[in-house]
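Dear colleague,

I am passing on the structure below, followed by an account of what was found in it. Please read the two side by side.

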Amino acid sequence: MLKLLKKALQVGETTVKYPFKPLEVAPGFRGKPVYDFSQCIACGACATACPSNAITLEHDFKRGVVSWNINYGRCIFCGRCDEVCPTGAIALSEEFELAASRKEDLYCRAEIQLCECSSCGEYFAPYRELEYVLANLEQIGLTDHDKEKWEQLMKVCPECRRQQAAIPWVREQGVRREALR
C-alpha cells in the first residue's frame, strides 16, 4: 500500500479540472463542424458524405434558392464533411460543448441563390458552383475567348443544352423538333 501511495505522489495529478478550467484537446481532435457561408458553393458533397444525415440540402426551384442545413444534434463528428468539401467551407473546430437550452440553437442554415437558365428561365444550379467551375477552368489555362463561350454555356440548363445540341442532328436527319420532346 505504501508503494502505491509513493507512486501516486511521484506521478502527481492525473485528472483535469474540467469544467472549471478549459480542457486542452489533442491535435487532430474532431469537434464541432464550423460552416463558412462565404466559401460554400452548395455542391452537396458534404450532404452526400454525411453518414448521420446531419447535413441536408433542400432545393426550392420556385424561389430559386438551395438551403444548406446542419443539425448538430445529429452530428457524430466523423469529419467526412471536412474531408470532401472542395472549397474548405466546412472545418472541424476544437469546440465540443454543444449543450443548448433550445432545439433551434442546434441548427445552422444558409440559403444560396440558384442560376436561372437563359433559355427556358428555370432555376437549375447554384451560381457559386458555376463560378467555381469557371475559376478552375481558368487555372488550367482557359483563354478569354473560350471563357466567354463557357460563361454562356454554363447559363443554360442541361435540358436546354441537350436540345440545342440536338438541333444540328435534327436538321441533318429531317426529324421534327417536336418529336424530341
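Findings

Helix 1 is hardly covered, since none of its ten residues counts as buried (buried means under 20% relative accessible area, exposed over 50% and partly exposed in between, with a 1.4 Å probe and protein chains only). The model is a predicted one, in which local features need pLDDT of at least 70 and side-chain atom pairs count only at pLDDT 80 or more, while totals for chains, interfaces and linings use all residues. Residues are numbered from 1 along each chain as its sequence is written, and side-chain values use heavy atoms, with hydrogens and water left out.

Helix 1 is followed by Gly12, which has a positive phi near 90°. In the protein chain there are six helices and six strands (DSSP runs numbered from the N terminus, with helices being H or I of at least four residues and strands E of at least two). The radius of gyration, taken over C-alpha atoms, is 26 Å, well over the 16 Å that the globule rule (2.2 Å times the number of residues to the power 0.38) gives for 181 residues, so the protein chain is more spread out than a compact globule. Its C-alpha trace spans about 100 × 40 × 25 Å along the principal axes, and 28% of the 181 residues count as buried.

One of the buried residues is Asn71, at 14% relative accessibility, which is found in strand 3 (residues 65–71). Apart from neighbours within four places in sequence, Asn71 is in contact (heavy atoms within 4.5 Å) with Ala54, Leu106 and Tyr107.

The structure holds seven salt bridges (a side-chain nitrogen of Lys or Arg within 4 Å of a carboxyl oxygen of Asp or Glu). Among them, Glu159 and Arg162 meet at 2.8 Å, N to O; these two are three residues apart in helix 6 (residues 158–173), and therefore separated by about one helical turn. Glu159 is partly exposed at 42% relative accessibility, whereas Arg162 counts as exposed at 52%. Elsewhere, salt bridges that share partners join Asp60, Arg63, Arg109 and Glu111 into one network. Arg63 is partly exposed, with a relative accessible area of 46%, as is Asp60 with 25%.

With kind regards
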